[in-house]
Amino acid sequence: MDLLNTLVDKGLRRELPSREEALAVLATSDDELLDVVAAAGKVRRQWFGRRVKLNYLVNLKSGLCPEDCSYCSQRLGSTAGILKYTWLKPDEASQAAAAGVAGGAKRVCLVASGRGPTDRDVDRVGKTIEAIKEQNEGVEVCACLGLLSDGQAERLREAGADAYNHNLNTSEGTYGEITTTHTYADRVDTVQKAHAAGLSACSGLIAGMGESDEDLVDVVYALRELDPDSVPVNFLIPFEGTPLAKEWNLTPQRCLRILAMVRFVCPDVEVRIAGGREVHLRSMQPLALHLANSIFLGDYLTSEGQAGKADLDMIADAGFEVEGAGTTTLPEHRADALAATGGGCGSHAKTEAGAGGGCGSHAKTEAGAGGGCGSHAEAGAGGGCGSHAEAGAGGAGGGCGPCGGPAPEAGDPTTEPVAEVPNARTDLVAVRRRGAGTDLAPNA
């Protein structure tokens with residue numbers, strides 16, 4: 001296809017595709033899907049080889065958020081049966097983080113529900129970052145705490161944070177349809193504050209909320225303009241008990257097209273598959289590794305992911321390798337630019353030489369945003385986060401399947417069938433019942 005040849009050439013040159021070209025990727029047919037994946041895979045390999053970076057989420061404070069983000073299981077008015085608890089103590093968070101690091105994670109994403117941190121919260125998270133870094137040499141730490149006030153990003157960086165996640169989630173034009181308690185501009189402002197403080201910025205999106213192709217392209221182009229180092233892509237998990245519980249709009253093929261479009265628009269950026277990959281990509285997850293170079297290991301914020309060992313086996317079986325602690329994630333030109341700002345994730349050599357970086361191997365970003373942290377789930381991303389819990393990384397409103405998780409409890413609101421939506425896979429949504437906030441061992 002002439003389109004794909006053009007997009008590969010542009011991706012190898014870091015040239016921005018046209019909006020029409022980005023939309024054309026989303027409009028390709030199933031017959032063309034493997035060609036799309038192969039083309040975007042060339043761009044991914046140019047900048048990241050066959051490495052896969054592992055990130056690990058720790059939900060510092062779960063539920064009871066005053067914000068009304070309609071995708072999020074931790075939102076105001078949510079009846080999703082998630083874990084609810086206040087701040088983990090620094091030693092508890094450090095213990096949770098150690099499980100992820102032991103599983104191969106290079107970055108730990110610290111996420112907390114809420115509109116944004118108070119100065120006291122920033123101090124609390126700062127102590128948590130110090131505890132994690134004392135126990136885990138060389139680990140990167142990304143914070144995802146919601147909207148930042150003036151000076152808070154600088155204080156987090158002084159405490160040792162390497163990155164900050166805050167997902168845009170969706171296009172500016174439709175943002176008011178999913179959240180009313182803060183604005184799209186508020187989110188952009190927080191990403192810019194992180195940048196200005198020398199933190200590695202992480203910001204992504206949530207797909208599957210009923211948005212159009214144009215909305216997806218709008219948010220990805222907005223992210224390219226903000227220039228984060230990491231873009232977590234979250235796929236909405238429609239938790240029962242949230243306003244978007246009936247939005248089952250994604251197929252594995254659609255998810256792959258979205259990831260390919262993000263890779264073409266953001267060729268040299270860490271693209272992370274965040275919340276929802278197990279639910280929506282399902283058996284096609286390995287194909288997505290040809291598009292994204294980063295994933296979350298284990299569980300998300302409020303939902304369960306597939307077993308950590310299954311993640312590692314999937315990476316190896318697909319012919320990829322887990323990125324080591326001594327490897328710089330970002331391409332040299334981006335890593336150098338970040339180090340020049342005094343930012344958090346240069347290579348070991350740069351850090352030792354005093355070039356300013358804070359974390360050994362430039363490696364991750366988010367939660368995401370999606371939140372990421374991710375967006376909902378990652379955010380963020382998306383997981384990540386935001387003022388609630390995205391997942392940027394992922395997990396607050398989304399996250400994952402039951403693989404490796406306990407059997408759903410009878411009467412659990414997230415397991416009720418959605419009969420009027422034929423493609424609904426509520427059987428793949430399991431509320432997290434282990435790890436942070438519980439007495440059970442984490443999935444890592």
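In the predicted model, residues A22, V25 and L26 of helix α2 meet R254, R257, I258, A260, M261, F264 and V265 of helix α9. Sorted by class, this contact between α2 and α9 comprises eight nonpolar residues and two charged residues, with no polar residue. Helix α2 spans residues 19-26 and helix α9 spans residues 252-265; their axes lie 8 Å apart and form an angle of about 155 degrees. Because an angle over 145 degrees counts as roughly antiparallel, α2 and α9 are described as roughly antiparallel to each other. The crossing of α2 past α9 is right-handed.

V233 belongs to strand β7, which covers residues 230-235. With a relative accessible area of 0%, V233 is buried. V233 and C255 stand 22 residues apart along the chain, and their C-alpha atoms are separated by 9.5 Å.

The cysteines were examined for covalent pairing. A disulfide is a covalent bond that joins the sulfur atoms of two cysteines. Zero disulfides were found in a search of the whole structure. For C69, the closest cysteine sulfur is that of C72, at 6.2 Å, which is too far for a bond, since a disulfide requires the two sulfur atoms to be within 2.5 Å. C69 counts as buried, at 1% relative accessibility. C142 likewise counts as buried, at 0% relative accessibility.

Conventions:
Residues are numbered from 1 along each chain as its sequence is written. This is a predicted model: local features need pLDDT of at least 70, side-chain atom pairs count only at pLDDT 80 or more; totals for chains, interfaces and linings use all residues. Side-chain values use heavy atoms; hydrogens and water are left out. Axes are lines fitted to C-alpha atoms, for helices over the stretch in contact, and angles run from 0 to 180 degrees between N-to-C directions. Helices (H or I, at least four residues) and strands (E, at least two) are DSSP runs, numbered from the N terminus. Angles under 35 degrees count as roughly parallel, over 145 as roughly antiparallel, 65 to 115 as roughly perpendicular and the rest as oblique. A crossing is left-handed if the near helix is turned anticlockwise from the far one by less than a right angle, and right-handed if clockwise. Contact means heavy atoms within 4.5 Å. Ala, Val, Leu, Ile, Met, Phe, Trp, Tyr, Cys and Pro count as nonpolar, Asp, Glu, Lys and Arg as charged, and the others, Gly among them, as polar. Buried means under 20% relative accessible area, exposed over 50%, partly exposed in between (1.4 Å probe, protein chains only).
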